[in-house]
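Please look at how the strands of this protein pair up, and at one residue in a loop. A short report follows.

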Amino acid sequence: MRKRKLPLILILIIFIFSSCMPVAKVPALTDTEIEESENTALFHFIDVGQGDCILIKDSSACIMIDAGTTQSGSIICEYLENMGIDYLDCFIGTHPHEDHLGGASAVLSSVDVGKVYLNGETSTSYFFERLVDTLLDENITPYKPDIGKIYNVGNFEVEFLSPSEDFGNANDNSLVTRVTYKDVSALFMGDAERVVEASLIDRGINLRADILKVGHHGSRYASSAEFLNAVYPDVAIIQCGEGNSYGHPHKEAISRLDNIQSKILRNDKSGNILLRTDGKSIYDASGEAVEKAENAQPVSLTFLGNKKSKTFHSESCANLPAEKNTVIFTTRQEAVNSGYSPCGNCKP
C-alpha cells in the first residue's frame, strides 16, 4: 500500500468534506443460527477488545458504526464473512482514534460500501493515513453528515445528534447517532462525555432510547445521572477490553446504570454481544426478552468539582472542567465540606 505525505491527506479531507451530501474471538452467529425475516433486526456489538465496532442489519440493509483497532481489522472481516456480508449500506466512523477507526481500512478494502460518514476531523496517525489511502484506492468519498437530519437506510432511520459545535477534543466531537427500527431505538455515543450529554439535554433533544451504547467505554466522565435519566435504556452495552489499562468501565458509571436497572452487557465479560428486535421487543442471543425492571428508579444527580477553581457544578453546566481537573461529588454537601463553592452559572 502506498503511503502519502500528510499535506496531501489534509487537502483530500478538506476537499471531500467541503461537499456534504445526505445520505481469539467468539465466532459470529450466522443467519442459519438465528431465524431472521424481513421483520427482524439484529444489533451486533463485536468484541474488538478495547474499542468499538457495531454491526446493525436486517433483510434491507447493513450498517456498521466504527471498526475497532488496527489489530481487530481481520477479526471484523472474518465476522462479516461468517455473516455472509459483502456490502455495507452505511459505514459511520465516530472520530479518528485508533480504537474506533483502526480496522476501517481492512473493512473498507474487503467489502463494498454505499455511504461513509466521518466527523470531518483528521489525524496524523498512521492508521488514519492508511484509511485515506484505502478511501482513494477504493474510490470512496466520505461525507460529513448534517446534524439533526434523518437519513433513511433500508428500514432504519439514522439520525446524527452531535456534534452540534466544536467541543474542543476528538472524543467529545464524536458522531452521536440514533438508529431507529420501527418502535425500537438505539443511541450510540462514541466517546462523547458529559459536556456533550449536557449539550444534548440543553438542546431539548428527545434522548429516550431502548438500547444505549455507553459513551467512552464506560468512563466515569460519561453517562451522567441527568443523561441516563433522559435516555432510560432497557439495555446498556459497554464495549471495552478485558483488563484494559484505562480501568474501563469505571465503577461510577456502572453504579449509575445499576441505579436505573438497565441490563448491562459488556464485551470484556461476554465477548460478542447480539441483540435482536422485532421492532417492539428486544431479545438477547438466548432469546430472552430484555425488559426494564419494574422498580427502576431515576439516578441521583452528582456534582463535578473543578480542582483549579475550587468550584463545583451540576452535570448539565455549560462550564464543566476538563477531565484531568475534575473531581466527582455524590452530594452537594460533600462538595461544600471539601471546600468547593457553587458555580455562579448553574447554581447547583
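Strands here are DSSP runs of E with at least two residues, helices are runs of H or I with at least four residues, and both are numbered from the N terminus. Two strands pair if DSSP finds at least two bridges between them. This is a predicted model: local features need pLDDT of at least 70, side-chain atom pairs count only at pLDDT 80 or more, and totals for chains, interfaces and linings use all residues. Residues are numbered from 1 along each chain as its sequence is written, and side-chain values use heavy atoms, with hydrogens and water left out.

| Strand pair | Bridges | Direction |
|---|---|---|
| Strand 7 (150–153) and strand 8 | 4 bridges | antiparallel |
| Strand 8 and strand 9 (176–181) | 6 bridges | antiparallel |
| Strand 16 (303–306) and strand 17 (311–314) | 4 bridges | antiparallel |

Strands of a sheet pair through backbone hydrogen bonds, either parallel or antiparallel.

Strand 8 spans residues 156–162. Is it mostly covered or mostly open? It is mostly covered: 6 of its 7 residues are buried. Buried means under 20% relative accessible area, exposed means over 50%, and partly exposed lies in between (1.4 Å probe, protein chains only). Strand 7 and strand 8 form a hairpin with 2 residues between them. In the turn, G154 has a positive phi of about 60°. I150 has E159 of strand 8 as its bridge partner.

N306 has T311 of strand 17 as its bridge partner.

Now for the loop residue. Where is R208? It sits in the loop between helix 6 (194–202) and strand 11 (211–213). R208 is partly exposed, with a relative accessible area of 34%. Leaving out residues up to four places away in sequence, R208 touches R178, S185, A230, V231, Y232, P233 and D234. Contact means heavy atoms within 4.5 Å. The side chain of R208 reaches the backbone oxygen of Y232 at 3.0 Å. R208 and L228 are 20 residues apart in sequence and 9.0 Å apart in space, C-alpha to C-alpha.

Note on methods
A polar contact is a pair of N or O atoms within 3.5 Å; within protein, one must be able to donate a hydrogen and the other to accept it, and residues adjacent in sequence count only if both atoms are side-chain atoms.
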